[in-house]
Amino acid sequence: MHTKKAAAVALAAALGVTGLAACSTEDAREAAGKTGAPAPKTVTLVGHDSFNASKEVLAEFTKQTGLTVKVLKAGDAGEAVNKEILTKGSPQGDVFFGVDNTLLSRAVDNGIFVPYEAKGLDRIPDTFKLDGKHRVTPVDTGDICVNYDKKYFADKKLAPPQTFDDLAKPEYKDLLVVENPERSSPGLGFLLGTVAKYGDTGWQDYWKKLRANGVRTVDSWELAYNQEFSGSAGGKEAKGDRPLVVSYASSPPVEVLYADPQPKEAPTGVSTGTCFRQIEFAGLLEGAKNPEGGKALIDFLVSKKFQDDMPLQMFVNPVAKDATLPELFTEHGVVVEKPETVAPEKIAANREAWIQQWSSLVLK
């Protein structure tokens, strides 16, 4: 998603990642030689629409391994995970990127991943390692939060909302756009944030209030942020009329980086009392055509090279302890001190029922 965010790494560690990635590729070539098949030249990553990496970084992977990365984008995270479940055993690629803690149990319980303990896991804090069987590897983290259009609220002389409670107040009627939690991981994260805030028996009443207050629902983050939200560059072009949107605490730097000229201050802000902590993972797909190349790619996703590149490519936080955040990211991003969280086992036990209840409350 994106959603999203630090000392320099020792040279020995960087060389270690390089050597291990190359070793994985050599294993692939050796295995191919035994079967008489040609060694694979590509490794395919299937991800959500927000996956991005610089050409220079992907070229570094090719230099290390001899493999070219092919990227297949499969929609929003929820849609992409569902596609992989439907094609279990005959996946479109070798590695899946973008399943997060809101959808993790759905993916692993359906057996779409093969366990693999990535090289470099010692550089990732244990708090991000939610699967003890190593079916997935943590790659990034971010906070799903409501973003607001600063100009809209300044023009209206209205203070922007800061909390979940604020969003249901009359002064913010018809201002908020959210994503459908059945299809979108930010939408599901926001729903889980309300469950964490109001409890198992209180979140439904909260959503009744949001519906009465004119909340609009769309299927994806791309549509909500880049079409409906008046504060984004895309939303302005599309004449979006909603000054509040569910996005990420790291979204404001996007509006600075791609503006010409770049403003001194981001045109969007973050309602820090509306946030839910998200962790995104990558996993080796069951039935992958190039499993050894897939392992090398997962190793690379947690390498310092990729982790340093990620913040200004996908606007998420790296998970590696030695990753370095760019100045633009730290200057315009927002650090959320106390985001809402829900235990993975509770999400697994209740997610589908919560989504069904949400649909009956908001869509019908």
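Analyst: Strands themselves are DSSP runs of E, at least two residues long, while helices are runs of H or I with at least four, and both are numbered from the N terminus. This is a predicted model, where local features need pLDDT of at least 70, side-chain atom pairs count only at pLDDT 80 or more, and totals for chains, interfaces and linings use all residues. Residues are numbered from 1 along each chain as its sequence is written, and side-chain values use heavy atoms, leaving out hydrogens and water.

User: Which way does S4 run against S9, and over how many bridges?

Analyst: Strand S4 (residues 113–114) pairs with S9 in the antiparallel sense, over two bridges. There, Phe113 has Leu285 of S9 as its bridge partner.

User: What about S3 and S5 against S9?

Analyst: S3 (residues 95–100) is antiparallel to S9, with five bridges; Val95 is partnered by Leu284. S5 (residues 137–149) also runs antiparallel to S9, joined by 11 bridges, and Ile144 is partnered by Phe276.

User: Is S9 mostly covered or uncovered?

Analyst: Buried means under 20% relative accessible area, exposed over 50%, and partly exposed in between (1.4 Å probe, protein chains only). In S9 (residues 268–285), 15 of the 18 residues are buried.

User: And where does Ser185 sit?

Analyst: Ser185 belongs to helix H7 (residues 185–198) and is buried, at 2% relative accessible area. Contact means heavy atoms within 4.5 Å. Leaving aside neighbours within four places in sequence, Ser185 contacts residues including Asp100, Ile144 and Gln278.

Note on methods. Two strands pair if DSSP finds at least two bridges between them.
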